[in-house]
Amino acid sequence: MKAAVIVFPGSNCDRDIAVALEQSSGNPVTMVWHRDSALPKVDLVVIPGGFAYGDYLRCGAMAAHSPIMREVVRAAGKGQPVLGICNGFQVLTEAGLLPGVLMRNASLKYLCKDVNLKVETSQSLFTSGWTTGQVVRIPIGHGDGNYFADNDTLNRMEDRGQVALRYCSEQGAIDAGGNPNGSARNIAGVFNDSKTVLGMMPHPERLSDPALGGTDGKDMFDGIARALT
Amino acid sequence: MKARVHVTLKNGVLDPQGKAIGHALASLGFAGVNDVRQGKYIEIELAETDPAKARDSVKAMCEKLLANTVIENYSVEVG
């Protein structure tokens with residue numbers, strides 16, 4: 001698998017995700033600057049976490065209209081797999097590749113901790129390294145991760161199986177106690193219609209090596225590498 | 001020509017920042033604050049001199065960038 005990571009001014013998880021992808025794929029990762037107007041030919045494009053353009057106007061709003069994102073949107077329309085993590089998820093919603101929006105956390109606090117996630121389906125190129133219903137431990141680090149969409153949109157997403165991950169308790173219960181930020185229906189990650197684009201607030205790259213304290217994230221990248229090789 | 005844009009959260013969208021401001025006002029002794037909703041105010045200096053054209057242009061800016069219409073409404077004044 002060959003992957004590219006988009007780098008915006010203010011991205012700060014770009015190198016972490018590159019290391020995780022290189023470990024799982026065995027291939028070097030191409031870093032692509034936001035002003036570039038051409039995407040390299042790759043199997044996976046990743047929009048990393050951080051604070052692109054300083055979160056000006058709204059998180060992800062400026063980045064969503066940068067030159068490289070026009071190419072990412074165009075490529076995604078043709079089936080290019082795209083993964084957005086944290087700020088990358090916000091960018092993908094602002095770019096219109098994913099439904100909904102990430103609002104300020106209900107607590108108004110920046111949250112930096114491990115959370116439990118329930119894998120809604122392993123039937124996607126992104127989640128095939130996990131099993132359906134599995135509870136995985138992945139860190140979050142965000143101030144604006146409160147997923148919102150109107151009820152009609154949420155119902156339509158559920159019908160189409162577009163909810164990828166939900167915040168849950170250690171036992172896998174989808175309840176208010178396991179919901180760190182107020183997200184609608186505990187949603188932590190969503191697919192596009194064809195499951196070729198995934199946005200998720202938690203950071204799998206931050207638990208992708210035993211030296212980091214866990215490898216639940218590595219399972220995801222190993223699965224992606226297998227699916228795209 | 002100057003355009004003034006107000007971007008506000010739609011009804012039904014929770015506004016935890018507005019709530020926090022409301023609590024702060026109450027704790028400062030301002031009685032009778034029933035609800036606070038927070039938004040954004042944006043001023044744009046335009047080369048356009050025709051008000052109708054200016055309004056259309058700023059509306060397009062709101063749809064494309066200034067507001068996220070999933071959760072926000074906008075209003076435009078020109079002149």
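**View 1. One salt bridge crosses the interface of chain A and chain B.** Here a salt bridge is a side-chain nitrogen of Lys or Arg within 4 Å of a carboxyl oxygen of Asp or Glu. The two partners to look for are A:Arg58 and B:Glu72, whose side chains come to 3.8 Å, N to O. Side chains of opposite charge can pair when their charged atoms come close. On the side of chain A that touches chain B, you will find 8 nonpolar, 3 polar and 3 charged residues. In this count Ala, Val, Leu, Ile, Met, Phe, Trp, Tyr, Cys and Pro are nonpolar, Asp, Glu, Lys and Arg are charged, and the others, Gly among them, are polar.

A note before moving on: this is a predicted model, where local features need pLDDT of at least 70, side-chain atom pairs count only at pLDDT 80 or more, and totals for chains, interfaces and linings use all residues. Residues are numbered from 1 along each chain as its sequence is written, chains are lettered from A and ligands numbered from 1 in the order in which they are written, and side-chain values use heavy atoms, with hydrogens and water left out.

**View 2. Chain A and chain B bury about 1200 Å² between them.** Buried area is the accessible area (1.4 Å probe) that two parts lose on being put together, summed over both. Of this area, 69% is on carbon and sulfur atoms. Contact (heavy atoms within 4.5 Å) links 14 residues of chain A with 16 residues of chain B.

**View 3. Nine strands of chain A form an open, mixed sheet.** Follow the strands in the order β2-β1-β3-β4-β11-β10-β9-β6-β7. Strands (E, at least two residues) and helices (H or I, at least four) are DSSP runs numbered from the N terminus, and two strands pair if DSSP finds at least two bridges between them. At the edges stand β2 (30-33) and β7 (135-142) of chain A, each with a single partner strand, so one side of each has no neighbour in the sheet. Inside the sheet, β4 (residues 82-85) and β11 (residues 197-200) of chain A run parallel, joined by 4 bridges. Look there for A:Val82, which stands opposite A:Val197.

**View 4. Helix α5 of chain A lies across strands of the sheet.** Axes are lines fitted to C-alpha atoms, for helices over the stretch in contact, and angles run from 0 to 180 degrees between N-to-C directions.

View 5. Over all chains, the whole structure has 12 salt bridges.

**View 6. Chain B has an open antiparallel sheet of 3 strands.** The order is β2-β1-β3, and the twist averages 20 degrees from one strand to the next. Strand β1 (residues 2-9) is joined to β2(B) by 7 bridges, and B:Arg4 has B:Glu43 as its bridge partner in β2(B). Helix α2 (residues 51-66) of chain B lies across β1, β2 and β3, at about 155 degrees to β3(B).
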